[in-house]
Amino acid sequence: MRKVVGFLVLIAGLAWAQIPLKAGVILPLSGASAVSGKAALNGIQLAADEVNAAGKVRLELVVVDDGTDPAKAVPAFTKLMTVDKVDIVIGGLASGVTFALSGPVKQHGPLFLVIGAASSVVEQAFEGYPLFFHYHPWDYHNVAAALQFFQYLNREHGAKKVAILYEDGPFGSAGIGVYRQQLEKLGYQVQAEPFKTGSGQFTAILTRFRAFAPDILYWIGYDVDALPIATQARQVGLRPKLIYGAPPSWPIGFERNPLSNDIAGMTAWLPTVANAESRRFVDAYRKKYGEVTEEYMAPMGYTIVRSLALAAEQAGSADKNRIAEALAGLKMNTPFGPLSFKPSDTGHTKYQGFGPEIWFQFQYLQGSRRPVFPKAVATRPLRYPGEYYFR
Amino acid sequence: MRGANHLPLILLFLPFALLPSLPLGGWGAFLLDVGFFVLLFTALALSWDLVARTGQLSLAHGAFFGLGAYGAGLLAPQVGTLPALLLGAAVAGAGALILGSVTLRLHGLYFAIASLAFSEVLRTLALKLPFTGGPIGLPVPPPFGGTWPLAAYYLSFSVLLLATALSLWAEKSPFRLAQAATRQSEAVARVLGVRVIRVKLWSLLLGSWVAGLAGGVYGMKTLFLSPYDAFSLGRAVEALVIPIFGGLYTTLGPLVGGVVLVSLEQALRLWIKEGYLVVYGAILILVILFLPRGLVGILGRRRG
């Protein structure tokens, strides 16, 4: 009888010692950014399982879909705040939607842990909001990382001409002026032309590019454009030394298509990244979902929940302000490398997680993506010039 | 008798008028947000129906919505909320006049294609013009400097009231006959003395004003505009799906359609979560298949 009572007391004690956390998750599970949103949610749920299994924090998630649409995101966010009564919100993947949330966030005052929203317009919108923690690098970090690679190509491989093919929407056009200017500053000759994403029609532009004879064909668009560009570049006889793509996510199974071979791009994470946290994440992900993801939003979501739980543990409280204080001083290893928060480069926001250091360049090589630059993370040498022929 | 005719409208508007003062506890703020978008998209649908009554299939309503949104968004910091909204609507109206003056001699699908091209041109302009914020987007201040939290809701309510008043006027006046004649046969309408182009132009102008106002209020709620969101084809499609769902060529049809469809989408998103679009799509198909006159067809009253 005593043992039973003792056991019950122990269980009650453990439950008492647990920090109960209720967090809202607002992600695009439908609409244009659904692929990244679902990947992020997988990472978040995986981390929540691990946190709950560890026993120190009892984390409850309330998930809502923002539909990649401000008209759907605003009511969904309000519901999290007023119906589900959460104090902590994880989300903010698409920049436009996150901007639309800036008003409601300031009104309700949650601890807002932002997974994406790279546009620096968002940075300005949340200026002065004290509980804004932005994990993803800002767009100027992305530009810096890409330019470092182009500088290397210019210096080490003598690349001199870049043909830029950019989609005419916000994603492709936003930084094009800056890119062009910066590339010219690095010594490149640049020819840039817009295209309509998903049109599948690139032969006219690529034929014009052929006369320019670029060393690098750089395209900024979406996953649907990857294969038509790879095919039609070959069809028109464009022979760049490198095809470099910058979509937010690559087509699923693209690596299995021989046309992907030698195409390069930039990402923040791959399952082949050789760090202990990344390997642990990949194993846990495979165990839970039976597959491995290449979407870097999955480890980003995972990182946010792990950091939240660790901060709650250190704060010893579920209070959002105390957790925010602990997060501000947190240092931890993640699948992307070390994480700590500091003011953003422009000084608009106080808590910026990752910077340009997490970006690296990869190349599709024999059926998988391999890190090739910078050398510190490269697992294979860059194939330059690449072979872009029909076999 | 007149009051009885308006009873369904009163029953539709009353809950929205009372919503801010209802004791809904934690659900209150959420329902106000949902109510805001229900009112706004219903107004947009009604503005589309005003044009459809002349037999024209407009795909330019996304463009009018975007013109109003950008017009109001750009002007609000200088002139204040209400003048900015009115000027935004005037910009949308100017867009309608330009579109109408060159395309209203076209019929049916040809007009639809021309209006779609108009939307694409405006979206491209919004992406390229230096003062629109281009692809990066345009931050918009909240209505009345954000001092009154319910301002956006009441503005949305006012836009729908205005749209309903315009629609009722069009429905009850001889303008309805001119619209119906134009829709059924332009040649016959001309023989009957209807100035077809003028009727179509007025309808497009009225529709664009309401759509422009709705766009302006939308920007003040979402606080941010991007060309792909503001000039979205999806917005134009939503504007035409609602009247088809509720009942074409009436005031009540788009009102019922908007309230039911936008609320239904939110409710399905809440309860079913992933995969809600399957159920939503199935409901749309069933209504279109079995209720060719839309939801108001159930009432068994032929209007328009």
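**Strands, cores and a contact**

Author: Gladly! This is a predicted model. Let us start with one residue pair: A:Leu165 stands opposite A:Trp219 in strand E8 of chain A.

Reader: Which strand is joined to E8(A), and by how many bridges?

Author: Strand E6 of chain A is joined to E8(A) by 5 bridges, and the two run parallel. E6(A) also pairs with strand E7 (residues 189-195) of chain A, again in the parallel sense, over 7 bridges. There, A:Ala163 has A:Gln191 as its bridge partner in E7(A).

Reader: How should I picture the side chains along a strand?

Author: In a regular strand, side chains alternate between the two faces of the sheet. As for cover, 6 of the 7 residues of E6(A) are buried.

Reader: Which residues have the most contacts inside the largest nonpolar core?

Author: They are B:Leu40 and B:Ala214, in a core of 204 residues. Helix H3 of chain B provides the largest share of this core, 19 residues. Domain 1 and domain 2 of chain A both contribute residues to this core, so it lies between them. Leaving aside neighbours within four places in sequence, B:Ala214 is in contact with B:Leu40, B:Phe65 and B:Val159, among others.

Reader: And how many residues does each chain bring to the contact between A and B?

Author: Chain B brings 27 residues and chain A brings 26. On the side of chain B that touches chain A, H3(B) gives the most, with 7 residues. That side of chain B divides into 14 nonpolar, 7 polar and 6 charged residues.

Methods:
Residues are numbered from 1 along each chain as its sequence is written. Chains are lettered from A and ligands numbered from 1 in the order in which they are written. This is a predicted model: local features need pLDDT of at least 70, side-chain atom pairs count only at pLDDT 80 or more; totals for chains, interfaces and linings use all residues. Two residues are in contact if their C-beta atoms, placed from the backbone, lie within 7 Å. Helices (H or I, at least four residues) and strands (E, at least two) are DSSP runs, numbered from the N terminus. Ala, Val, Leu, Ile, Met, Phe, Trp, Tyr, Cys and Pro count as nonpolar, Asp, Glu, Lys and Arg as charged, and the others, Gly among them, as polar. A residue is buried if 20 or more other C-beta atoms lie within 10 Å of its own, exposed if 12 or fewer, and partly exposed in between; C-beta atoms are placed from the backbone. Two strands pair if DSSP finds at least two bridges between them. A nonpolar core is a set of buried Ala, Val, Leu, Ile, Met, Phe, Trp, Tyr and Cys residues joined through C-beta atoms within 7 Å. Domain bounds come from an automatic or database domain assignment.
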